Amino acid sequence: MLVIQGLHASEVTRGGRAYLVVGPMECVVVDSGAPDGALGVSHMVDAARRPLHEVRLILLTHAHAGHAGNAAALRELTGARLAASEETARLLRTPGAAGPQRGRFRRSAPWPPEPIWVDDVLTPGQVLDLAGGIEVLDAPGHAPGSLAFHCYGPGALMLGDAASIDRRTGRLLPPPARHTADPRAVGATVERLAAVAARVVCPGHGLPTVDSRRPSRVPPRG
Ligand SMILES: [Zn+2]
């Protein structure tokens, strides 16, 4: 599913949606879906007609199994580096620390079942020089260490589960209270994310929205 030039959204990942940001020479995967042996993300990379070895980086918005579920398998498959916030990295290297892995047909199991080691720890404000530039945004509230990403290439904002999109108004909504680790942080997070000048807004669940009237502004690099 091609959403906009430079951006693909997964169609068959279980759990959360994964995205592929494509540059001329390299690709970046944002989130990896619930554990499925990385089949869902591989399908997305195939559909984008890019070889797996062009995936250079796997970015995680947070540590939940529905989003980080294939991080280790995907790294093995692609040779890409795995990047996340310091808190997400800590949760992923501690078996069972990132909450249950909810299965549709089976009882939930601890997540992660074994340590997942993150290669690069991301700091909010950092801009990654890949696929047109990707800015790391702090997005606390939903899960400890949640990040969002502003991908300058396609002009896309990756929300993870830090906010969702109101289908009627197109506005950003905070995550439901039962899916909020830090209720005091969600309001400010949603406000800051809503102010990001991105043409495409990509939620961790559901479909992206495209506002073609909104010019994507790339902040000056320096
Ligand atoms: Zn989540």
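Which are the buried residues of helix H1 (residues 39–47)? They are Gly40, Val41, Ser42, Met44 and Val45, a residue being buried if 20 or more other C-beta atoms lie within 10 Å of its own, exposed if 12 or fewer, and partly exposed in between, with C-beta atoms placed from the backbone.

The views below show a predicted model, in which local features need pLDDT of at least 70 and side-chain atom pairs count only at pLDDT 80 or more, while totals for chains, interfaces and linings use all residues. Residues are numbered from 1 along each chain as its sequence is written.

**Figure 1. The whole chain, with its five helices and 17 strands.** Helices (H or I, at least four residues) and strands (E, at least two) are DSSP runs, numbered from the N terminus. The C-alpha atoms fill a box of roughly 45 × 40 × 35 Å along the principal axes. Buried residues make up 49% of the 222 residues. Of the contacts with a separation of 6 or more, 58% come from residues 24 or more positions apart, where two residues are in contact if their C-beta atoms, placed from the backbone, lie within 7 Å.

**Figure 2. Helix H1 and the β-α-β unit that contains it.** S4, H1 and S5 make a right-handed β-α-β unit; a crossover is right-handed if, with the strands pointing away from the viewer, the path from the first strand over the helix to the second runs clockwise. The cover over the buried residues of H1 includes strand S2 (7–9), strand S3 (19–22), strand S4 (27–30), strand S5 (55–59) and helix H3 (71–78). In the loop between S4 and H1 lies Ala38, whose phi is near 65°, a positive value in a residue other than glycine, and Ala38 counts as buried with 26 C-beta neighbours inside 10 Å. Just after H1, Arg49 also takes a positive phi, of about 55°, in the loop between H1 and S5; Arg49 counts as exposed, with 8 C-beta neighbours inside 10 Å.

**Figure 3. Strand S5 and its parallel partners S4 and S6.** Strands are said to pair if DSSP finds at least two bridges between them. S4 and S5 pair in the parallel sense over four bridges, with Val29 having Ile58 in S5 as its bridge partner. Three bridges join S5 to strand S6 (residues 81–85), again in parallel, and Leu59 stands opposite Ala83 in S6. Four of the five residues of S5 are buried, so the strand is largely enclosed by the rest of the structure.

**Figure 4. Ile58 and the largest nonpolar core, which has 65 residues.** Such a core is a set of buried Ala, Val, Leu, Ile, Met, Phe, Trp, Tyr and Cys residues joined through C-beta atoms within 7 Å. The residues with the most contacts inside this core are Val21, Val29, Ile58, Ala148, Leu157, Met158 and Leu193. Leaving aside residues up to four places away in sequence, Ile58 touches Val29, Ser32, Ala71, Leu74, Arg75, Ala80, Leu82 and Ala83. In soluble globular proteins, nonpolar side chains tend to be buried together.

**Figure 5. The open sheet of six strands, ordered S10-S11-S12-S13-S16-S17.** The pairing in this sheet is mixed. Strand S10 (127–128) and strand S17 (209–210) stand at the edges with a single partner strand each, so one side of each is left without a neighbour in the sheet. Two bridges join S10 to S11 in the antiparallel sense, and Leu128 stands opposite Ile134 in S11. The hairpin of these two strands has five residues between them, and there Ala131 takes a positive phi near 50°. Strand S11 (residues 134–138) is joined to strand S12 (residues 147–151) by five bridges, also antiparallel. In S12, Ala148 is the bridge partner of Leu137, while Leu147 stands opposite Asp138.

**Figure 6. The cis peptide bond between Trp111 and Pro112.** Omega of this bond is about -10°. Pro112 is found in the loop between strand S8 (109–110) and strand S9 (120–122).
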